[in-house]
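Here is a brief report on one protein chain. It moves from the overall fold to single residues.

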Amino acid sequence: MSHRGSRVLRLDALARVEGEASLHLAVRDGRVTEARLRIYEPPRFFEAFLVGRGHGEPPDITSRICGICPVAYQTTACQAIERACGVTVDGPLAELRRLLYYGEWIESQALHIHLLHAPDFLGHPSAVELAREHRAAVERGLRIKQAGNTVMEQLGGRAIHPINVRVGGFYHVPAPAELVPLTERLRRAHDDALETVRWVAGFDFPDAEYHGPLLAMCDPGRYAIDSGTPAVMAAVAGSNGPAPVRALPVEEFERRVVERQVSHSTALVSELDGHHYLTGSLARYAVSGRWLHPSALDAAREAGLGDPATGAVCRNPFRSIIVRAVEVAHAVAEALRIIDAYEPPSRSYVAVPPRPATGCAATEAPRGLLYHRYAMDADGTLTLARIVPPTAQNQAAIEDDLRRQVQSRLDRPGEPPGDEELTALCERAVRNHDPCISCSAHFLDLTVERG
């Protein structure tokens, strides 16, 4: 590139990613020498102030970590506490938990697809401008999101920070008649979800591949969301095909996944066996795609994702929008199945008496695998809390993706890209991974150094 010395570009408060962060990009003699995603929001200390609280409190407290995916935190907290206490929640209560979780998947993924990610592919700066040209698509996305919100309101008491979840189950469980009104809304949402898959499959996708390890829950026979065991699909070199998948027992998570502090971020950066890795939709599809609901599996094939039943894997982060749309179709179809088969449990919760023990659990938040571990004493007072969210796990992979995307553009013949083009490319690369930096709604302050 022909720039002399260094050049700095700052862009404040760009939209369509939850939270606040900045990106520092350094280019020297046409080579990307540094790409840092700087998460500068102050630490929130949830793990610290959980210590000393009762063993029934983590679901309510941890749900406040995120207004977009509170159920993920509630469910994972409940499972970790229950495992510490030697209690299993199964049958209708487990199905109701899964239904609530599907509600969150539906609303969160629909929001990302239609309001945050789709504008990148259609040349619009925001969903408002997108709606002027693609009003039907945006309205369809809002209907899907509303259907997910309605499920959360019915089972959780409200859509944001649900209040009906407790360790062992729920404070109140619905009668079958209370779930009937959800059915018609979800049937419409299923049609909308399948149409969304067809819509996003028609976007133009840059060539890109993530070749590192993929981490997701695995429960053979089921597209895992709140059950199973973490599993790792190995890294590949120059191939879009499948790689070996090996279990990572949740009890070994903290030995294999190591967090470290970096100077440029208040989020800890995670490494799996010493390497960056990716969790989220692409990882789930790679590990469990063959077990999607049949309607979602058909939609994936028709959308050009290949057939996961025969080992097809998608490693292009830009195409993650298709995978998320397929996951919405799956979640809606499974929600309908649960409602159709629902029989109320005999009571709304299972007793979970405390004991001195430690328990850990992992589930699939919309943005990826979420891990909790708690230790308690004999009366249930928490003595330790550990939470590893998906965005912190993905930070190193996002930075690697940024380096590769920008370098690929710099290596292209012709006129070198200007700052505006590089900014747009970096934003797109980050939004591919749908990071949930916090519960606010703006993102990027970009600094580019050229030499």
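Helices here are DSSP runs of H or I with at least four residues, and strands are runs of E with at least two, numbered from the N terminus. On that basis, Ala201 belongs to helix H7, which covers residues 176-201. The model is predicted.

**Overall fold**

The chain holds 13 helices and 14 strands. Its radius of gyration is 22 Å, close to the 22 Å from the globule rule for 451 residues, so the chain is as compact as a globular protein of that length. Along the principal axes, the C-alpha atoms fill a box of roughly 70 × 45 × 40 Å.

Of the 451 residues, 60% are buried. Among contacts with a separation of 6 or more, 72% join residues 24 or more positions apart.

The charges number 49 positive and 57 negative. Their mean positions are 1 Å apart.

**Domains**

Domain 1 is made of 6-40 + 398-435, and domain 2 runs over 46-397. What distance separates the C-alpha centres of domain 1 and domain 2? They lie 27 Å apart. The contact between them takes 19 residues from domain 1 and 34 residues from domain 2.

**Residues in helices and strands**

Ala201 comes back here. It has 25% relative accessibility and therefore counts as partly exposed. Leaving out residues up to four places away in sequence, Ala201 touches Ala303 and Ile322. Ile322 is 121 residues from Ala201 along the chain, yet their C-alpha atoms are separated by 6.1 Å.

Asn149 sits in helix H6, residues 135-156. Is Asn149 buried or exposed? At 18% relative accessibility, Asn149 counts as buried, because buried means under 20%. Beyond residues up to four places away in sequence, Asn149 touches Glu107 and Ala159.

Ala247 is part of strand S7, residues 245-247. Its relative accessible area is 53%, so Ala247 is exposed. Which residues does Ala247 contact, apart from its neighbours within four places in sequence? They are Thr229, Pro230, Ala231 and Arg256. Met217 is 30 residues from Ala247 in sequence. In space, the two C-alpha atoms are 9.0 Å apart.

**Residues in loops**

Most residues other than glycine have a negative phi. His161 has a positive phi, near 50°, and is not a glycine. His161 is in the loop between H6 and strand S3 (165-166). With 18% relative accessibility, His161 counts as buried.

Asp273 also has a positive phi, about 55°, and is not a glycine. Asp273 is placed in the loop between strand S9 (265-272) and strand S10 (278-279). Its relative accessible area is 43%, so Asp273 is partly exposed.

Thr310 lies in the loop between helix H10 (294-302) and helix H11 (320-341). Is Thr310 buried or exposed? Thr310 is exposed, at 66% relative accessible area. Where does His112 lie relative to Thr310? The pair is 198 residues apart along the chain, and the C-alpha atoms are separated by 29 Å.

**C-alpha separations**

The pairs described above are set out here.

| Pair | Separation along the chain | C-alpha distance |
|---|---|---|
| Ala201 and Ile322 | 121 residues | 6.1 Å |
| Ala247 and Met217 | 30 residues | 9.0 Å |
| Thr310 and His112 | 198 residues | 29 Å |

**In short**

The chain has two assigned domains, domain 1 and domain 2. Buried residues make up 60% of the chain. Asn149 is one of the residues that count as buried, and His161 is another. Ala201 is partly exposed, and so is Asp273. Ala247 is exposed, as is Thr310.

Notes: Residues are numbered from 1 along each chain as its sequence is written. This is a predicted model: local features need pLDDT of at least 70, side-chain atom pairs count only at pLDDT 80 or more; totals for chains, interfaces and linings use all residues. Side-chain values use heavy atoms; hydrogens and water are left out. The radius of gyration is taken over C-alpha atoms; the globule rule is 2.2 Å times the number of residues to the power 0.38. Buried means under 20% relative accessible area, exposed over 50%, partly exposed in between (1.4 Å probe, protein chains only). Contact means heavy atoms within 4.5 Å. Lys and Arg count as positive and Asp and Glu as negative; His and the chain ends are not counted. The place of a charge is taken as NZ of Lys, CZ of Arg, CG of Asp or CD of Glu. Domain bounds come from an automatic or database domain assignment.
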